[in-house]
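Please keep the sequence and the model in view while reading.

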Amino acid sequence: MANKKGKGKGPSSNVIAQNKKARFEYHIDETFEAGLALSGWEVKSLRAGKAQLTDTYILIKNSEAWLLGSHITPLNTISTHELADPTRTRKLLLHRKEIAKIFSRTQDKGHTCVPLKLYWKQNLIKCELALVTGKKQHDKRATEKERDWNRQKARIMRDAK
């Protein structure tokens, strides 16, 4: 009997939500893995895939990292005695050295820290963060042009078979 990891839906079955806009808008310099401090209803919503990372960013305050602007839609079956705030600020769990590195790099002009994706790592929810620099308009055009060319190339190869 084979031992399968995850639910067997494919290689990306552990990804909950991605910030695709971040890869288009920024040059990614360095990535980090952080844990998330969540409440019970949030974990249940994430199991159902009800998360969004668009327009989300990381804030370092009092030597702690916080995830701002993420949206976790509450399920309608959560307990009624708890008030669910879908856009609350969530604490990121990082080592002190990583927080210090992120803080020092974000103080430079043009640098920021954004989340790239939320995913499952065994039974824990992790957030992939990236230190990024903004792309100029011509860089975005080049990225779009390359993406179109790759799509066209794949179409030609598929039709040639």
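Of the 161 residues in the protein chain, 29% count as buried, that is, under 20% relative accessible area, with exposed meaning over 50% and partly exposed in between (1.4 Å probe, protein chains only). The model is a predicted one, in which local features need pLDDT of at least 70 and side-chain atom pairs count only at pLDDT 80 or more, whereas totals for chains, interfaces and linings use all residues. Residues are numbered from 1 along each chain as its sequence is written, and side-chain values use heavy atoms, without hydrogens and water.

The accessible surface of the protein chain amounts to about 11300 Å², and carbon and sulfur atoms contribute 50% of that surface; the areas come from the Shrake-Rupley method with a 1.4 Å probe, and for residues only the protein chains shown count as cover.

The protein chain contains 4 helices and 9 strands, defined as DSSP runs (H or I, at least four residues, for helices; E, at least two, for strands) and numbered from the N terminus. Read from the N terminus, the order of elements is β-α-β-α-β-β-β-β-β-α-β-β-α. Among contacts (heavy atoms within 4.5 Å) between residues at least 6 apart in sequence, 71% join residues at least 24 apart.

The structure holds 0 disulfides, a disulfide being a pair of cysteine sulfur atoms within 2.5 Å. C113 takes part in no disulfide, and the nearest cysteine sulfur, that of C127, lies 8.5 Å away. C113 counts as buried because its relative accessibility is 1%. C127 likewise counts as buried, because its relative accessibility is 0%.
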